[in-house]
Protein chains: 2
Amino acid sequence: MEKIAVDAMGGDFAPLEIVLGAIQAVRDFHIPVVLVGAEDQIRPILEKNGADKDPLITVHHASQVIAMDEHPGMAYRKKRDASVSVGARLVRSGECGALVAPGSTGAAVTAGLFGIGRIRGIERPAILTPIPNKKGSYTYLIDSGASAQAKAVNLVQNAVLGYWYAKRVQHIEDPKIGLLNIGTESTKGSPLVAEVYELLEKQHLFTFAGNCEGRDIPTGDFDVVVTDGFTGNVVLKFGEGVGGLFFELLKDAVYKGGLRAKLGALLLKPALKQYMMKRIDYSEYGGAPLLGLRGGLVICHGASKAWAIRNAIRAAEQIASEHIPELVADALKGESLAVADLEEMKDED
Amino acid sequence: MEKIAVDAMGGDFAPLEIVLGAIQAVRDFHIPVVLVGAEDQIRPILEKNGADKDPLITVHHASQVIAMDEHPGMAYRKKRDASVSVGARLVRSGECGALVAPGSTGAAVTAGLFGIGRIRGIERPAILTPIPNKKGSYTYLIDSGASAQAKAVNLVQNAVLGYWYAKRVQHIEDPKIGLLNIGTESTKGSPLVAEVYELLEKQHLFTFAGNCEGRDIPTGDFDVVVTDGFTGNVVLKFGEGVGGLFFELLKDAVYKGGLRAKLGALLLKPALKQYMMKRIDYSEYGGAPLLGLRGGLVICHGASKAWAIRNAIRAAEQIASEHIPELVADALKGESLAVADLEEMKDED
């Protein structure tokens, strides 16, 4: 298995929870990890947890940290020895197959872009985020926030990235790729998405399942939903917001419903926890990969604890071992994508 | 009170539920209504419900209907005597203050644009949709789907439309207007929203509360959230989808949770129905106004029943009586909007 670099200093609970998560990943999946960060803080945690002599765990010292509120581009340039940047360079050099980066999404994207580097032909890497669906699996939304603006070529590339991820990492035989739009007909939406619709119809790399409306994202009818990073990010965060609203309304109904409702809630609670909460808990899948780079990168929530980190390391290992970047690079070179059209579009800019 | 035109032939349950809803609105609020549609179908329903002699109810015959699946623009041109178009012309002529249109959103928007006509200076009318929030009130999302593409001037105008609606129809003293974006800083997002941010900061018609992220929509921190019709429509429908997912997950948890969970659900159900479902039921507010027209227009869900129609008629009456179009027209003429910038932007197209 390829080694996975882990930014041990990123996120709200670093380095403790990150190191604990890495130890768990090593024990559960035997994935070799490289913990990047302040050696004097990481070592004691390893020792305390009996993992300091584990041959699958290496510590790679980095003297700086990029904080959540720093400007990503500036911080990247100024702090050459930041843990997330050092981790990215370990991927670029080939020493590690992927990087797990908790903390600032902006810092992770910047480190990915400049530290790991893009696949030749990919203009803008994209974040893929799993959204739980009614079928009991996940629908993958790409781009969920890496680029605020997109051209047609970027959306087509997002589709390719999402396709290989769904097929190889999630083992979906024939992933259904949908285009996020405001209607189901091919002529619907902005000129941009109408153009992307045409391009996706022309290619023959994957099954284009047509337009996906907002309400269809959680049905499970689509495996991958393609959009620009602005719309994707708004959708993703709105989903969080609606989740919060739902539980607020639920609590409010229990409160107003008197003794009967309170008793009902008490009886129902364990089932909600065991079956419902688990399905919508991001820590179950650990993080969101930034695809389109020459190596793997999984971005984790700033509030990630050990369990999320453990799962993110597993996801990163799968991306590395399935050689997603190579598959994407091949697809971009091939005939199947109607590449001529894409090249033309790029020349227009 | 101004008369409200109601397209009695629109939606899945026309004309029965529409006419029943109109009768209820007349009885509850004493709003005079004009039922537009097939007289031979409408009259018997009025008679059967003892409303045929009510002086507040008029029937205005229209011989055609635009079906849900017709192309709005084509249907509008071909069917001059369609109920929704006839209703729109009653608003244009001043006979009615607003139109309530259940059924095809596209047909309603087209009838609004060409039948009622735009306010001078407004380029693209916008749909405003209430989204329930944690504070127990609604947050108004504008545009939630009238135009698939927007320029900066359109978004600024959406803000003006939303402001007057919130202030006059919803009686919010100092409505907080937010700009939907993917971060809170002023420089975040696409070039389009960054430009709109600057324009909204310059104007002094209303309080610009800054960027609103997707997760902030349901918090209630913003009264009006401004966006383009593409993003707005995706968000709105995704909200529906997430709502459906939650109830699916809830049902699933009850099912898997065994007898204890089933008993809990049984006890909790009445409170959920009474307090939670009511909060997220669109029929409580009836419909979504299309703002920016020279008269009022409230678009109702195709599946609207009498209660939704009753509430939509009340909403339409409030828009008509508060003279929203006049307030908007005045705002566009005034100094407060930094109109010079807006005019410049329009000239660029």
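Rings of Phe, Tyr and Trp (its six-membered ring) pair if their centres lie within 6.5 Å; planes under 30 degrees apart count as stacked, over 60 as edge-to-face and the rest as tilted. By this rule there are 16 aromatic pairs over all chains. The model is predicted: local features need pLDDT of at least 70, side-chain atom pairs count only at pLDDT 80 or more, and totals for chains, interfaces and linings use all residues. Residues are numbered from 1 along each chain as its sequence is written, chains are lettered from A and ligands numbered from 1 in the order in which they are written, and side-chain values use heavy atoms, with hydrogens and water left out.

**Aromatic pairs**

| Pair | Centre to centre | Angle between planes | Class |
|---|---|---|---|
| Tyr76(B) and Phe114(B) | 5.9 Å | 40° | tilted |
| Tyr163(B) and Phe206(B) | 5.5 Å | 35° | tilted |

Tyr76(B) sits in helix α3 (residues 72-78) of chain B and Phe114(B) in helix α5 (residues 105-116) of chain B, 38 residues apart. Helices (H or I, at least four residues) and strands (E, at least two) are DSSP runs, numbered from the N terminus. Buried means under 20% relative accessible area, exposed over 50%, and partly exposed in between (1.4 Å probe, protein chains only). Tyr76(B) is buried at 9% relative accessible area, whereas Phe114(B) is exposed at 54%.

In the other pair, Tyr163(B) belongs to helix α6 (residues 152-169) of chain B and Phe206(B) to the loop between α7 (191-202) and β8 (207-212) of chain B, so parts 43 residues apart in sequence are tied together. Tyr163(B) and Phe206(B) are both buried. A further group, Phe246(A), Phe247(A), Phe246(B) and Phe247(B), makes up one aromatic cluster.

**The sheet of chain A**

Two strands pair if DSSP finds at least two bridges between them. In chain A, eleven strands form an open, mixed sheet in the order β3-β2-β1-β4-β11-β10-β5-β6-β9-β7-β8. Its edge strands are β3 (57-61) and β8 (207-212) of chain A, each pairing on one side only. From one strand to the next the twist averages 25°.

Within the sheet, β4 (residues 98-102) and β11 (residues 296-300) of chain A are parallel and share five bridges; Leu99(A) has Leu297(A) as its bridge partner in β11(A). Axes are lines fitted to C-alpha atoms, for helices over the stretch in contact, with angles from 0 to 180 degrees between N-to-C directions; contact means heavy atoms within 4.5 Å. Helix α5 (residues 105-116) of chain A lies across β4, β5 (126-132), β10 (288-291) and β11 of chain A, at about 170° to β11(A). Helix α10 (residues 306-321) of chain A runs at about 160° to β11(A).

On edge strand β8 of chain A, Ala209(A) is partly exposed at 33% relative accessible area. Beyond its neighbours within four places in sequence, Ala209(A) contacts Lys176(A), Ile177(A) and Phe222(A).

**How the copies are related**
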